[in-house]
Amino acid sequence: MATALYLDTARLGRMHPSALAVARDFDRLCSSEGGSPLVERLIRAGSADWPASLRRRYPGLAGWGGLDALKSSLRAVAGVPDDADVHLAGRSGVLMRLVARAMFRRCRRALLTDLEWPAHLAVLESERRRAGRAAIFLPVRDRIFWDGMDSGELAATVADEYRTRGCDGLFLTAVSHDGVRFPLGDLAKALAFLPSPRFVAIDAAQALGHAPAADFPCDALLAGGHKWLRSGRPLAMAFAPRGGSRGLIRAIAGEMESDGELDDPLLGMSRQLGDGTPRPYGATAEPSGLLCTAAAITGGPPGQDGSFPTLIENASALASATTGWRPVVPTSALRSGILLLQATRERIRDIPPHRLRCSFQRRGLALTAYDGGVIRLSMPPRPWRDGDLDLVRSLLRRVQ
Amino acid sequence: MDEKPRAGRSALLSFKFGGTALAGSLAMALVAAFAPQPVQIAALGSCVSVLAGLFVSYLEQEDRRERRRAELLERLRVPVALAPDHELFDQYCVIAEALAELARQGDPVLREVALLKLASLSGEVRSLARGTVVFSATEAWRCVYERLLEQPGLGEYQSVAWVKTRDYWQDRPGRQSMRVNYDLVRRGLRIERVLILKDDLWPAGAVLPSPTIRPWVDEQNDRGIWLSLVRESELAHEPDLVADFGLYGDRATGIQELDDQSRTQRFVLQFDPRDLKLARDRWERLSLYATPYADLLDRAGPGR
C-alpha cells in the first residue's frame, strides 16, 4: 500500500515540493547538457546571469543563487556566524571523520555519551585510537528514559564528568536519533566557570530544520539537508563556527584530501568550486543535493522558531492517545519532535525492527522501528490535520 | 713449562717447612744434649720470641697486602660497572689508553695544556652523568631535540617560546624544526606551546599579535598545535617564567638561550627528574597567565 502518512526522518525526510521542482528541472537540464560548463557555472554562480530563455525553460532553477548563496542560507538556518566555514559532502561519514580527527588532534580526553549515533561513535573511536588519545564514555540514556533525569540534572552530570575526569573535548548530539533534545543551554551555564573545552563538536543531523539552534559555542556542527530540511537528495554539511578552529579543520581537510581520505566526490567538487583550486580528477559528483537543499530552505523549513512548539504539541497529543503503545519519553525540557512508542504486548516486542516497520508500511504509515518493539515517529510540522491523528491511532491499534 | 703448585696442598708437606723444622729441631736437640738448663731455657725463649716476631710482621704485611688489593678492586669497579654497556666501555678504554699514552709524554707544556683540557672534559662528563647536555653557539641541539620528539611513547610536548623578534625560529634550522613539529602533530604527538611575546609584537589593547608574526602563529594553530599567548610585560613580577624551554613528555626538559638576533647561544637539555619537576612547575605557573589563541581568534571576530 502507498504511504498515507510519512512520519520518518530517521533516514530521509519527505521531499519538500520546492526541492522536487528543482530536482526535476535540474535533471532535465542535465539530460540535455550533461556535465557541460553551463552546468558547472550554474552550480558555482547560480542562475542570476542566465538568459531569459533558459530561465523560462527551467523555472525551478531560477531561485538557485550558487554555492556561496547556499552556504549563506545554511549558516542562517544553523544559527552560526556569517563567516563560519561550511563544508558540504554527499555522505555524512566523511565529514564526521574530518571533525573527529580535528577534535582528537587538539584534545587529550574527550567526553561522549550514549546519546550519540552509533556510527559516529565508531568513527570517534577509530580516530581516538589513531591519535592515541582518551575518551570518556558517559551512559545517560537509561537515566533519561527510565529514571526521569531532567535537563538540569543531565547538564550537571555531563559538566561534572567533564570536570572530574579532566576532559578537554566534547562531542554532543543536539537531538538524538531517539528524540532527546540535549540541554545545550544548561550545559553552557554549567561549564561557564571551567576552562573552556579545546574542541566541541555537535551532531545536529536530527536538529537542523527541527529544533531551534542552541546558544552553545562549538568548533564543529554536523548536519544534513535530507532529514528535517527535506531536500530529498542527500547533503551532509559541517560548519566551523569558531574562528579559532576554522584553520585547523581546513588544514586537516587538506591533509585528508592529499592522503586520499576525503573520498566524497561532492566534497571534492564543492572544495574546488569554493577555493577555485583545481584538484586531481576524482569520481563524478552528484550535485543535485546542493540545489534541492537550497530550494527546501527557501520553501520554508519546518521546526524553525514557531513550528517547534507545534512539533512538541503533536508529539504530546499522540503520546496521550490510548493506542496500546506506551510512550517512551524524557522529561518535558528534553523532548523534541521525535516520539518513541513501545509495544505493550510481548509478541510485538519480539518482532524484528524491519518486519515491524514493514507491517506499518503495509497499512500506509512510514516510520522507523528499533529492537524491543520500539517505533519512532517524526511529528509533522503543522498541527495534526483532521483525521491524521485518528488514522495514526487506528493504525497503532491495528498493529498489536 | 713452569710447574704450578698444586692447589690445596698442605704447607706441612713442603720442603721449606720440613727442612726448617728439621734444622731447628736438630739445633734444639744439640742444645738439650750438651748445654746446661739455663742455656736451654734461654734458647727456647729466643726461638719463641723469633716466632712471635715473625707472626706479627706477617700480620702487618698481610694487612698492607689486603689494603692494596682493596684499592686495586676499587679501581676495577668502574670498568666492571661499565662492562655490560659496550658503547660506554669502549669509550672508557679509549680514554684510559689515551691517558696512559699521555702519561708517557714528557713535555711539561703539553702536560699543562692536557690537564687544562682534561679538567674541562671531566666537568662535561660529570654534567652528562647528572643528565645535562649543553650545546653552545650551535644549532646542533636541534638534532637531539628532533630525535627526542620522535621517540616512541612520547605523547606530549610542551614548549615555551620567548619571542623577542619577528625572526624567532624563522631561519632555516628553525623552519625545519617547525616542519618536524607539524609532522609529529599529524602522527599523533600533542604539542602545546605558550608564546611569550614582547609588547611590540603584541601591543597592549590589541586582541591579536602584530601582523608581522601572525602568519607563523596562525600556521601553528591551523596545524593543530595548541597555542596560548602572554605578553612579556605581564610576567614582570615572575621573571623566572620568562624563558625558552620545553618539556618532552616525562623524558627531559630543554632550555634555549637566544641572542638578540634570535640565534641560539646555548641549549641545555636536562634529563634529571628534579629538573623536569621544576620545569613542569614553571609551565603550570606560566599557563595561569596565558590565553588560548583560539579564544583570541574568537574574540577578534570576522575580518580579523
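What is the relative accessibility of Arg250(A), and as what does this residue count?

Author: Arg250(A) has a relative accessibility of 43% and counts as partly exposed. Buried means under 20% relative accessible area, exposed over 50%, and partly exposed in between, with a 1.4 Å probe and protein chains only. The model is predicted, so local features need pLDDT of at least 70 and side-chain atom pairs count only at pLDDT 80 or more, while totals for chains, interfaces and linings use all residues. Residues are numbered from 1 along each chain as its sequence is written, chains are lettered from A and ligands numbered from 1 in the order in which they are written, and side-chain values use heavy atoms, without hydrogens and water.

The partner of Arg250(A) is Asp85(A): the two form a salt bridge whose closest N and O atoms are 2.6 Å apart. Asp85(A) belongs to strand E2 (residues 85–89) of chain A and Arg250(A) to helix H10 (residues 243–258) of chain A, so the bridge ties together parts that are 165 residues apart in sequence. A salt bridge here is a side-chain nitrogen of Lys or Arg within 4 Å of a carboxyl oxygen of Asp or Glu. Helices (H or I, at least four residues) and strands (E, at least two) are DSSP runs, numbered from the N terminus. At 15% relative accessibility, Asp85(A) counts as buried.

Another bridge in chain A joins the side chains of Asp263(A) and Arg91(A), at 3.4 Å from N to O. This pair also links distant parts of the chain: Asp263(A) sits in the loop between H10 and helix H11 (265–275), Arg91(A) in the loop between E2 and helix H5 (92–106), and they are 172 residues apart. Asp263(A) is exposed at 52% relative accessibility, and Arg91(A) is partly exposed at 41%.

In chain B, Asp63(B) bridges to Arg67(B), with the closest N and O atoms 3.0 Å apart. Both lie in helix H2 (residues 37–82) of chain B, and because they are four residues apart, about one helical turn separates them. Over all chains there are 48 salt bridges. Some join into a network of Arg108(A), Asp168(A), Arg198(A), Glu156(B), Arg190(B) and Glu192(B).

Arg198(A) and Glu192(B) come up again at the second largest pocket, where they are among the residues nearest its centre, along with Pro195(A), Ser196(A) and Trp226(B). A pocket, on a 1 Å grid over the protein atoms alone, is an open set of points where a 1.4 Å probe fits, with protein on both sides within 12 Å along at least five of seven lines; lining residues have an atom within 4 Å of a point. This pocket holds about 660 Å³ of space, and its lining has 23 residues. Its volume is the space filled by probe spheres set on the points, which are joined across faces, edges and corners. Helix H8 (273–289) of chain B gives the most to the lining, with four residues.

Strand E3 (190–197) of chain B supplies at least two lining residues. Ile196(B) is found in this strand and, at 0% relative accessibility, counts as buried. Residues in contact with Ile196(B) (heavy atoms within 4.5 Å) include Val160(B), Trp162(B), Val230(B) and Leu286(B).

Conventions: Lists of a residue's contacts leave out its neighbours within four places in sequence.
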